[in-house]
Amino acid sequence: MSVVKQLYQLQEVDLELESKEQALNQITSQLGESEAVVGTRNKLALEHQRQEELSRQQRSSEWEIDDLTGKLVTIEEELYSGRIRNPKELANLQHEADTFKAKRNQLEEKALEIMDQVELTTKSVANTDSELKTLEAEWQDQQQQLSAQLEQLKTALSNLKHKRQLLTAEIDPQAIEVYQELKKQRGTAVAKVEQGICRGCRISLPVTELQRTRSGDLVRCSSCGRILFLA
Ligand SMILES: [Zn+2]
């Protein structure tokens, strides 16, 4: 096998190595926490907090209403007991009872508002909870798939590295040096020749260059410097 063909094979292996390494990096960056899951988890925690705060408000408004009802019962007992005959004192008591009733009405309205909010928050918690479960399941599936892909890539990479070692062992070290230098400078070191054109720079090659390339010698394109490979 000509040295140019060997170098071309080396380049194929190198390209595959690069693309597999890129895929590996991409997968590695996708492994780990998911923003969507973390965001939804935080949202649920806030909604739970809101739920607790509301039930605290609900309890305290119930206590206030009970307290006022107790006071009202006492006042009304006093009012209708017949023990108080002084009109001014009766009027005062009546006024006090009216004030408590108005306050109790207010509190009852507020209690209804809180109940509405409790209902809304409970619905919202249920929605977010099911959203989170779906997201977590999807994320877990995705992570499992990524881990499997990662393992496959690692195996493929290790096989390619081994193949590369075997290839380079057979190639003239000086030719490898030229190849590495060109790879560094141009990205690709070996250019295919098709219809007399260097595919590296798309320039028509002089006849003498083509003839030397045909013989299998290591010939470099006079325009871009790449090693010419005639398939
Ligand atoms: Zn060229």
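**Zinc site and helix packing in a predicted model**

Along the chain, the donors of the zinc ion are arranged with the spacing C-x2-C-x19-C-x2-C. The structure is a predicted model, in which local features need pLDDT of at least 70 and side-chain atom pairs count only at pLDDT 80 or more, whereas totals for chains, interfaces and linings use all residues. Residues are numbered from 1 along each chain as its sequence is written, and side-chain values use heavy atoms, with hydrogens and water left out.

The protein donors are Cys 198 (SG), Cys 201 (SG), Cys 221 (SG) and Cys 224 (SG), which lie 2.3 Å from the zinc ion. Donors are N, O and S atoms within 2.8 Å of the metal (3.2 Å for Na, K and Ca); water is not among the atoms, so sites may look incomplete. The angles among the 4 donor atoms are 107 to 114 degrees, and the site is tetrahedral (four donors with all angles between 85 and 135 degrees). Distant parts of the chain are linked by the pair Cys 198, in strand 2 (residues 197-198), and Cys 224, in the loop between helix 5 (207-214) and strand 4 (227-229), 26 residues apart. Helices (H or I, at least four residues) and strands (E, at least two) are DSSP runs, numbered from the N terminus. Cys 198 counts as buried because its relative accessibility is 0%, and Cys 224 counts as buried at 5%; buried means under 20% relative accessible area, with a 1.4 Å probe and protein chains only.

Helix packing was described by axes, which are lines fitted to C-alpha atoms over the stretch in contact, and by angles from 0 to 180 degrees between N-to-C directions. Helix 1 (residues 3-30) packs against helix 3 (residues 87-170) at about 155 degrees, with the axes 9 Å apart. Helix 1 is therefore roughly antiparallel to helix 3 (an angle over 145 degrees; angles under 35 count as roughly parallel, 65 to 115 as roughly perpendicular and the rest as oblique). The residues of this contact divide into 13 nonpolar, 8 polar and 9 charged. Ala, Val, Leu, Ile, Met, Phe, Trp, Tyr, Cys and Pro count as nonpolar, Asp, Glu, Lys and Arg as charged, and the others, Gly among them, as polar.

Helix 2 (residues 35-80) and helix 3 pack at about 160 degrees, with axes 7 Å apart, and helix 2 is therefore roughly antiparallel to helix 3. Their contact residues comprise 23 nonpolar, 13 polar and 16 charged. For helix 1 and helix 4 (residues 173-186), the axes come within 11 Å and cross at roughly 45 degrees, which means that helix 1 is oblique to helix 4.

Conventions: Four donors count as tetrahedral if all angles lie between 85 and 135 degrees; four count as square planar and six as octahedral if opposite donors are over 155 degrees apart and all others between 65 and 115; anything else is irregular. Buried means under 20% relative accessible area, exposed over 50%, partly exposed in between (1.4 Å probe, protein chains only).
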